[in-house]
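Have the sequence and the 3D view open side by side as you read.

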Amino acid sequence: MEVLLLKDVPALGHAGDIKKVTGGYAANYLIPRGLATPATGGVRQQVKDIKDATTRRQTRERQQAQSLAERMTATTLTFTAKAGESGRLYGSITGADIATALEKALGQPVDKRTILLEHPIREVGTHSVGVKLLGDIRPDVKVVVNHEEQ
């Protein structure tokens, strides 16, 4: 008997897979627990349609992320802050500050948690800051911190 797995089943498969199992295993274990449903012709077509739609959505999201990454790479963010004689800032430039500046520069929301900054920037100069967008797409944004003139 072939069943469509509705949830992940250890040692059998993942949700959305169609697997061949014995009739007793399907009727007495998988179906009553809501782990699977019989794989009929309509269900097979529905699974194929869902997988096709998921593939199209993932491709579209990846293209949008790639486009945004190119725009981020071309962006230079400039901050002006008070600093001492040695170039050390009295405050710091945080991931939230960078996210806010990116939102203004790009015109679309940027979550501060996607900014890959181990420690806040506390030195005057040019810094490269990574941004996590989607999977392996991680563009670098150029951040320039200038000394505030009195």
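Start with the largest nonpolar core, which has 21 residues. A nonpolar core here is a set of buried Ala, Val, Leu, Ile, Met, Phe, Trp, Tyr and Cys residues joined through side-chain atoms within 4.5 Å. Buried means under 20% relative accessible area, exposed means over 50%, and partly exposed is in between (1.4 Å probe, protein chains only). The residues with the most contacts inside this core are Met72, Leu77, Ile98, Leu102, Ile115 and Val143. Two or more residues each come from helix H2 (41-73), strand E4 (76-81), strand E5 (88-93), helix H3 (95-106), strand E8 (125-131) and strand E9 (140-147). Of these, H3 gives the most, with five residues. Those element names are DSSP runs numbered from the N terminus: helices are H or I with at least four residues, strands are E with at least two.

A quick word on ground rules: this is a predicted model, with local features needing pLDDT of at least 70 and side-chain atom pairs counting only at pLDDT 80 or more, while totals for chains, interfaces and linings use all residues. Residues are numbered from 1 along each chain as its sequence is written, and side-chain values use heavy atoms, with hydrogens and water left out.

Now click on isoleucine 98. Leaving aside residues up to four places away in sequence, Ile98 touches Leu77, Phe79, Ile93, Ile115, Leu117, Ile121, Val129 and Val143, where contact means heavy atoms within 4.5 Å. There's also a second, separate core of nine residues, and Val9, Val21, Ala26 and Ala36 are among them. In soluble globular proteins, nonpolar side chains tend to be buried together.

Next, follow H2 from end to end. Val43, Val47, Ala65, Leu68, Ala69 and Met72 are buried in H2. What do the buried residues of H2 pack against? They pack against E1, E3, H3, E8 and E9.

E1 and E3 bring us to an open sheet of three strands, in the order E2-E1-E3 with antiparallel pairing. Strand E2 (18-20) and strand E3 (36-38) are the edge strands, each pairing on one side only. Two strands pair if DSSP finds at least two bridges between them. Strand E1 (residues 2-5) has three bridges to E3, and E1 and E2 are also joined by three bridges. Look at leucine 4: its bridge partner in E2 is isoleucine 18, and in E3 its partner is threonine 37. Valine 3, meanwhile, stands opposite proline 38 in E3.

In the loop between E1 and E2 you'll find alanine 11. Alanine 11 has a positive phi, near 65°, in a residue other than glycine. Alanine 11 is also exposed, at 90% relative accessible area.

Last stop: helix H1 (residues 23-30), where tyrosine 25 and tyrosine 29 sit four residues apart, so about one helical turn separates them. Tyrosine 25 and tyrosine 29 form a stacked aromatic pair, 5.6 Å centre to centre with 5° between the planes. For the cut-offs, rings of Phe, Tyr and Trp (its six-membered ring) pair if their centres lie within 6.5 Å; planes under 30 degrees apart count as stacked, over 60 as edge-to-face and the rest as tilted.
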